[in-house]
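Q: Could you walk me through a few spots in this one? I'm new to it, so please take it slowly.

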Amino acid sequence: MKQPLNEEFRRMQKLAGLITENKFYAPDYVAQKYGKEAKEIETNIQDEEDNNPNIWDLYVSLETPEEVDDFIKGFRS
């Protein structure tokens with residue numbers, strides 16, 4: 001089964017040593033906290049890339065749960 005692009009990108013980052021398991025990663029946090037809604041939130045963020053090409057990079061660079069919760073407010077239904 002083919003992995004979604006963001007999961008494959010994260011796997012490549014791990015292999016390259018760019019991230020470690022102990023580092024906070026916004027998509028993991030969103031998946032854990034928001035469950036089924038996480039996929040929709042991330043789809044909404046990716047859809048916004050037409051208006052802001054750096055939106056995904058900004059999302060994955062967030063370092064705390066509070067930053068993520070504040071960031072995704074506008075992407076939840």
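Q: Is Arg-10 buried or exposed, and what is its relative accessible area?
A: Arg-10 is buried, because its relative accessible area is 13%, where buried means under 20%, exposed over 50% and partly exposed in between, with a 1.4 Å probe and protein chains only. This is a predicted model, in which local features need pLDDT of at least 70 and side-chain atom pairs count only at pLDDT 80 or more, while totals for chains, interfaces and linings use all residues. Residues are numbered from 1 along each chain as its sequence is written, and side-chain values use heavy atoms, with hydrogens and water left out.

Q: Which helix is Arg-10 in?
A: Arg-10 belongs to helix α1, residues 5-15, helices being DSSP runs of H or I with at least four residues, numbered from the N terminus.

Q: How far is its C-alpha from that of Tyr-25?
A: The two C-alpha atoms of Arg-10 and Tyr-25 are 9.5 Å apart, with the residues 15 apart along the chain.

Q: Switching topic, where is Glu-42?
A: Glu-42 sits in helix α3, which covers residues 37-47.

Q: What does the side chain of Glu-42 join in a polar contact?
A: The side chain of Glu-42 is joined to that of Tyr-59 by a polar contact of 2.9 Å, meaning a pair of N or O atoms within 3.5 Å, where, within protein, one must be able to donate a hydrogen and the other to accept it, and residues adjacent in sequence count only if both atoms are side-chain atoms.

Technical notes
Helices (H or I, at least four residues) and strands (E, at least two) are DSSP runs, numbered from the N terminus.
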